Amino acid sequence: QAQLQVKCMSYNIRLDTDADGENKWSLRKPQVAGLLQYHNAAFVGMQEVLHNQLMYLDSALPQYKHIGVA
């Protein structure tokens, strides 16, 4: 029997707030994109995504398409 494996990932990227100090979005967004690229999942479910974060990830990861709104 043939089996199909689909790699999925869930990730809470945390919202974009300056109150996060050294962990704020503007400093960690390349690492988030790199982590997603590294794992190369077919589907990624994300939590706490704001619109500006979604737009960055859309541009940084053109191989992915999004469903839903931020």
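Modeller: In this predicted model, contact means heavy atoms within 4.5 Å.

Biologist: Which elements do the buried residues of α1 pack against?

Modeller: In helix α1, Trp-25, Arg-28, Val-32, Ala-33 and Leu-36 are buried. Seen down the axis of α1, these residues fall within an arc of 155°, so they line one face of the helix. The partners against which they pack are β1 (8-12), β2 (43-47) and α2.

Biologist: Which exposed residues does the face of α1 turned away from its buried side carry?

Modeller: A residue counts as exposed when its relative accessible area is over 50%. On the face of α1 turned away from the buried side, the exposed residues are Gln-31 and Tyr-38.

Biologist: How far apart are the end C-alpha atoms of α1?

Modeller: Helix α1 has 15 residues, and at 1.5 Å a residue it should span 21 Å.

Biologist: How many residues apart are the two partners, Trp-25 and Tyr-56?

Modeller: Trp-25 belongs to helix α1 (residues 25-39), whereas Tyr-56 belongs to helix α2 (residues 51-60). The pair thus links distant parts of the chain, its partners being 31 residues apart.

Biologist: Is Tyr-56 buried or partly exposed?

Modeller: Buried means under 20% relative accessible area. Trp-25, at 3%, is buried. Tyr-56 has a relative accessible area of 22%, and is therefore partly exposed.

Biologist: Where does Asn-40, with its positive phi near 50°, lie?

Modeller: Asn-40 is a residue other than glycine with a positive phi, and it comes just after α1. At 55% relative accessibility, Asn-40 counts as exposed. Its place is in the loop between α1 and β2.

Biologist: What value does phi of Arg-14 take?

Modeller: Arg-14 lies in the loop between β1 and α1. Arg-14 is partly exposed, with a relative accessible area of 38%. Its phi is positive in a residue other than glycine, near 65°.

Biologist: Which element gives the largest share of the lining of the largest pocket?

Modeller: The largest pocket holds about 440 Å³ of space. Its lining comprises 19 residues, and among those nearest its centre are Val-44 and Met-46. Two or more lining residues come from each of β2 and α2. The largest share, 4 residues, comes from β2.

How values were computed. Residues are numbered from 1 along each chain as its sequence is written. This is a predicted model: local features need pLDDT of at least 70, side-chain atom pairs count only at pLDDT 80 or more; totals for chains, interfaces and linings use all residues. Side-chain values use heavy atoms; hydrogens and water are left out. Buried means under 20% relative accessible area, exposed over 50%, partly exposed in between (1.4 Å probe, protein chains only). The expected span of a helix is 1.5 Å times one less than its number of residues. The arc is that of the directions from the helix axis to the C-beta atoms. On a 1 Å grid over the protein atoms alone, a cavity is a set of points where a 1.4 Å probe fits but cannot get out, and a pocket is an open set with protein on both sides within 12 Å along at least five of seven lines; lining residues have an atom within 4 Å of a point. Grid points are joined across faces, edges and corners, and a volume is the space filled by probe spheres set on the points.
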